[in-house]
Amino acid sequence: MKFQGTDNYVATQDLMLAVNAAITLQRPLLVKGEPGTGKTMLAEEVAAALGMPLLQWHVKSTTKAQQGLYEYDAVSRLRDSQLSGIEGSEKVRDISNYIVRGVLWQAFTADQPVALLIDEIDKADIEFPNDLLREIDRMEFYVYETRELVRAKHRPLVFITSNNEKELPDAFLRRCFFHYIKFPDADTMKRIVDVHFPGLKAELLGAAMKTFYDVRNLPGLKKKPSTSELLDWLKLLLAEDIPLEVLQSQDQKVTVPPLVGALLKNEQDVSLFEKLVFMQRHNR
């Protein structure tokens, strides 16, 4: 299996090499990068390109590693034992009826190789990745309630994404192949835009790209606009039929762009940008 990009996802050469290295090594691919740089979409596109079903586990701050393996629903068993008659007692006695399979269990027991996305692993507490070390490494886990050892029929292709909110343990990192998605340069960004907006006029794209990178390169921004926010902004510009002249400045100075709320997402950044425009207009 080799990933060579798709029509819907512009993958740089180093990103394709990273995906294929993880496949060859049979290691999880740990992908880091700014929010909005296509980390989650990468797993979706690789799975589609390789013809593999994709199972997704979106991690939250309250997520525990055990939930990815299985959960024992003791409450339902207790309720059934209280409500069931003779006919229902067989179900209650079989504890396996109250084992809820998690995403990892589903991936391990799938009849064909699957891709598995563990999305935003850094949202969970620091023990979360440590608790998955053995399962990710050995591709097996033990179900204590049923005394069953679950082994992977096929080793899944594992993608793990992180926004770098927390450092991950060294022992976990050792088991992964790592890739950092750099923010796209202007040429790569144009290719990405062309995938989503084919036939976009070159003049409009050029003006929008200049404005976008002017905003992004402003020193002191709390949150720099990402690729996904550029695509949202372009969609709004086209929907509202914003004329090219509004985006272009006659004196090449930075101006507040229309629909700036698609690019800047907090009042401090908007205020900072407005101050820059004011200072430039007054030649300070």
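Modeller: Please do, and bear in mind throughout that this is a predicted model.

Colleague: Which residues of H2 are buried?

Modeller: A residue counts as buried when its relative accessible area is under 20%. The cover over the buried residues of H2 includes H1, E1, E2, E5, E8 and E9. The buried residues in H2 are Lys39, Leu42, Ala43, Glu45, Val46 and Ala47.

Colleague: Which residue with a positive phi follows H2?

Modeller: The phi of this residue is near 70°. The residue is Gly51.

Colleague: Which residue in E5 is the bridge partner of His58?

Modeller: E2 pairs with strand E5 (residues 115-119) in the parallel sense, over five bridges. In E5, the partner of His58 is Asp119.

Colleague: Which element gives the largest share of the lining of the largest pocket?

Modeller: The largest pocket has a volume of about 540 Å³. Of its 32 lining residues, the closest to the centre are Tyr9, Gly36, Thr37, Gly38 and Lys39. Two or more lining residues come from each of H1, H2, E9, helix H10 (186-196) and H12. The largest share, four residues, comes from H10.

Colleague: How many salt bridges are there?

Modeller: Side chains of opposite charge can pair when their charged atoms come close. The cut-off here is a side-chain nitrogen of Lys or Arg within 4 Å of a carboxyl oxygen of Asp or Glu. Some residues are linked in a network of salt bridges, namely Arg27, Asp137 and Arg175. The count by this rule is twelve.

Colleague: Why does the contact between Asp80 and Arg79 count as a salt bridge, and how far apart are the closest N and O atoms?

Modeller: The limit is 4 Å, so a pair within that distance counts. Asp80 is buried, with a relative accessible area of 16%, whereas Arg79 is partly exposed at 41%. Their closest N and O atoms are apart by 3.9 Å.

Colleague: How many residues apart in sequence are the parts tied together by Glu140 and Arg151?

Modeller: These two residues form a salt bridge, with the closest N and O atoms 3.1 Å apart. Glu140 lies in strand E6 (residues 140-143) and Arg151 in strand E7 (residues 148-151), so the pair ties together parts whose separation in sequence is eleven residues.

Colleague: Is Glu229 buried or exposed?

Modeller: Glu229 and Lys265 meet through their side chains in a salt bridge of 3.3 Å, N to O. Glu229 is in helix H12 (residues 227-239), and Lys265 is in the loop between helix H13 (244-247) and helix H14 (267-281), 36 residues apart. Lys265 counts as partly exposed at 44% relative accessibility. With 6% relative accessibility, Glu229 counts as buried.

Colleague: How far apart in space are Val150 and Trp105, C-alpha to C-alpha?

Modeller: Val150 lies in strand E7 and is buried, with a relative accessible area of 3%. Among the residues that Val150 touches are Trp105, Phe108 and Met139. Although Val150 and Trp105 are 45 residues apart in sequence, their distance in space is 7.5 Å.

Colleague: Which residues does Thr211 touch, not counting residues up to four places away in sequence?

Modeller: Thr211 is found in helix H11 (residues 202-216). Its relative accessible area is 10%, so Thr211 is buried. The residues touched by Thr211, with that exclusion, are Trp233, Leu247 and Pro257.

Methods
Residues are numbered from 1 along each chain as its sequence is written. This is a predicted model: local features need pLDDT of at least 70, side-chain atom pairs count only at pLDDT 80 or more; totals for chains, interfaces and linings use all residues. Side-chain values use heavy atoms; hydrogens and water are left out. Buried means under 20% relative accessible area, exposed over 50%, partly exposed in between (1.4 Å probe, protein chains only). Two strands pair if DSSP finds at least two bridges between them. On a 1 Å grid over the protein atoms alone, a cavity is a set of points where a 1.4 Å probe fits but cannot get out, and a pocket is an open set with protein on both sides within 12 Å along at least five of seven lines; lining residues have an atom within 4 Å of a point. Grid points are joined across faces, edges and corners, and a volume is the space filled by probe spheres set on the points. Contact means heavy atoms within 4.5 Å.
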